[in-house]
Amino acid sequence: MKKSLNLLLGLSLAILCFCCDPDKEPVTPTAPGTGAITPVGTPEGPVQTASIGPAGGTIQSADQRITISIPAGALTESKTISIQAIGNHCPAGAGKAFRLTPHGLTFAKAARITFQYNEHDVNSSAPEALQVAYQSGKGHWQAPVVKGLDTTIHAVTVETTHFSDWALFKRMFINPLTAIVDPGSKVQLDVFETVAQTSSDDELVLHLPVRTDAKHLDRWQLAGEGTLTPNKTSADYQAPNSIPAINPAAVSVFLKGSVTIEGREYKDIRLISNVYVAPEGISVQIDGGDWRTFPGGANINATHNVVTGKIGSESASVIWKGAPNGTYHWTKSTDVAFNMLAGPMIYQHIYGTQATVSGGSLKVDDSHPDWALGTFILNPAGWIRTSTPLDPMGTANIKGVFRVKRVQ
């Protein structure tokens, strides 16, 4: 890789102890050339096994996150190959890591390791800034050259002649990964890179993430309401005084230069961080009127996810069945549902005498460890007025945003 992603050499290891994920243990700097030592990941999923011999073969993790392709001639006899998900302690690690066994096994021909990445993995970063690293027996991490990047199927590929613990990580990113501010407040965004140096076998030895050098950055850009004040490797985002029409705002920083992988040049690379502008609670706007915020919480689990808020006898809630990250469309059932009680009015995700499902969608964001985040639109929602027999139902356009604490 060249220019913007050529990481700085010779930087001091006595630097800010920083992790992408605040729940992860910090990495430990060591002597130059050995990299940052981190804990070994603990198992977090089932073991997948396959018997692969001289003819070669392929094995995937249970979640299809990682695929190992062993070519013909790489092995002289059949071996039981195993994959197990483990905790990711790689500096700036993204998602789960994987233990590939048997450790110590070497291949006569290089095997290919492919990681599938998702929207969460590139949050605050970019596909071109993703790489794959393995943890040595001494606990430090090394990253081989990226052999393939497919932004259509979202895959990063490297080659190896040995097995170890492997992880996807962000080589450059904006911190915080997901920013959250109250209306009228300010947040500072900083660009970090995973400092590395080249080892004797041309692999990158990973150290701690540090603030990048301004020479790698071209310009900052804001998509959304508010103002952005750049200052070289950082930028201050000032939120508008009320909940904006577009939420979250997208703050981008463009990198200088380009990246070439397998002969293909990737230009105009930019890191993107989302900034949610919302008070704590679930906030609802009806027909473009004033926003109303209901303090509440979120129960995020493997079955039905519930975000709800309440003020006295009035309340608002969204419910969805599925992953805590993604886009969902309203259903006639309660699989994806909205409900709001406001005085004599009841607003729901269906409308009319035929119970037509509302247009619009629910977008949920699982990128923050403490907050459940999301936005929703119902176009239109249905309403029922319970206090009078006259004109008892109708429709209204509803927008919403939520920022609530996760509860057990």
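**Salt bridges in the predicted model**

Modeller: Arg-112 and Glu-159 form a salt bridge, with 2.9 Å between the closest N and O atoms. Arg-112 belongs to strand 6 (residues 106–116) and Glu-159 to strand 10 (residues 155–162), so this pair ties together parts that are 47 residues apart in sequence. Arg-112 counts as partly exposed, at 29% relative accessibility, and Glu-159 counts as partly exposed at 31%. Both values fall between the cut-offs, under 20% for buried and over 50% for exposed.

This is a predicted model, and a search of the whole structure gives nine salt bridges. Among them is the pair Arg-406 and Asp-366, whose side chains meet at 2.5 Å, N to O.

Another salt bridge joins the side chains of Asp-218 and Arg-219, at 3.1 Å from N to O. Asp-218 is partly exposed, with 45% relative accessible area, and Arg-219 is partly exposed at 40% relative accessibility. The distance of 3.1 Å meets the criterion of a side-chain nitrogen within 4 Å of a carboxyl oxygen. In general, side chains of opposite charge can pair when their charged atoms come close.

Definitions and conventions
Residues numbered from 1 in each chain as written. Predicted model: local features only at pLDDT ≥ 70, side-chain atom pairs only at ≥ 80, totals over all residues. Heavy atoms only, no water. Helix = DSSP H or I, 4+ residues; strand = E, 2+ residues; numbered from the N terminus. Buried < 20%, exposed > 50% of the residue type's maximum accessible area, 1.4 Å probe, protein only.
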